[in-house]
Amino acid sequence: MFVNMIDKKLLHYFEGYLTEKRKNTFKEVLANRTRHFSVVLEDIFQPHNASAVVRTCDIFGVQDIHAIENKYINKVSRHVAKGSQKWITSKRYKSDGNNTQICLDHLRANGYQIIATTPHNDSCLLQDFDITKKSAFVFGVEAEGVSDYVKEQADGFLKIPMVGFTESLNISVAAAIILQDVTTKLRNSDVDWQLSEEEKEILYFNWVKKTIKNVDKIEAHYLKNIV
């Protein structure tokens, strides 16, 4: 849906079902949303992990999640996600081909560098990461981490400093630490990280619709009465 296709009158009609507080909350959240960073989940099989990452993206203002499903179906637990899945844009890659390649190609075509999160090689430390470049952070399957294909195709590697005996973090914890760090730095930088006005308007329209119960019936009633 493009912004010039949005029926402004329909949006105004829908807004009548929302409180001013709700509308202002949407606009405040949109002002802090970004597509400068994106998250990729590669074959995550534990729903609670995928759901926690979705929730983390919402909390820190990262709008897009890309779910690669070569081996496992990416499932979201509503209990864990706490409704955050409604506000995040998710794209699933689940064809019979190399879904990882399809995903990475799509991201590169949209200007992203591919950053594999892994503690097992000469990775960039989180505190040294250059936040000025559009980046897609890839988090791999539990225990094994990102695939060899991702490692071969990655433009860079990122790791969280660790000083204990354990060499890895749960994926949802790692995602939270990384996104909190990079988004905080991003908002304190001169980088143009916010959504375009067009992107904000499209998301606002979608969020408004998701908020209203029986919105399809309400829309049908509206369209019937204006014909």
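Strand β2 (residues 64-68) runs parallel to β3, and the two pair over 5 bridges. In that pairing, His 66 stands opposite Lys 91 in β3. Keep in mind that this is a predicted model.

Zooming out, β2 and β3 belong to an open sheet of 7 strands with parallel pairing, in the order β3-β2-β1-β6-β4-β7-β5. The edges go to β3 (89-93) and β5 (124-125); each has a single partner strand, so one side of each is left without a neighbour in the sheet.

Two helices lie across the strands. Helix α3 (residues 47-60) covers β1 (37-42) and β2, running at about 175° to β1. Helix α7 (residues 171-187) lies across β1, β4 (113-117), β6 (135-139) and β7 (156-159), at about 165° to β6.

Now for the pockets, side by side:

| Pocket | Volume | Lining residues | Lining by class |
|---|---|---|---|
| Largest pocket | about 430 Å³ | 24 residues | 12 nonpolar, 8 polar, 4 charged |
| Second largest pocket | about 240 Å³ | 13 residues | 3 nonpolar, 5 polar, 5 charged |

Which residues lie nearest the centre of the largest pocket? They are Thr 117, Pro 119, Gly 145, Ser 168 and Leu 169. Both β7 and α7 supply at least two residues of this lining, with α7 giving the largest share, 3 residues.

The second largest pocket takes us back to where we started: β2, β3 and α5 (99-109) each supply at least two residues of its lining. Nearest its centre lie Arg 35, Asp 64, His 66, His 106 and Asn 110. His 66 is the residue that stands opposite Lys 91 in β3.

How values were computed:
Residues are numbered from 1 along each chain as its sequence is written. This is a predicted model: local features need pLDDT of at least 70, side-chain atom pairs count only at pLDDT 80 or more; totals for chains, interfaces and linings use all residues. Side-chain values use heavy atoms; hydrogens and water are left out. Two strands pair if DSSP finds at least two bridges between them. Helices (H or I, at least four residues) and strands (E, at least two) are DSSP runs, numbered from the N terminus. Contact means heavy atoms within 4.5 Å. Axes are lines fitted to C-alpha atoms, for helices over the stretch in contact, and angles run from 0 to 180 degrees between N-to-C directions. On a 1 Å grid over the protein atoms alone, a cavity is a set of points where a 1.4 Å probe fits but cannot get out, and a pocket is an open set with protein on both sides within 12 Å along at least five of seven lines; lining residues have an atom within 4 Å of a point. Grid points are joined across faces, edges and corners, and a volume is the space filled by probe spheres set on the points. Ala, Val, Leu, Ile, Met, Phe, Trp, Tyr, Cys and Pro count as nonpolar, Asp, Glu, Lys and Arg as charged, and the others, Gly among them, as polar.
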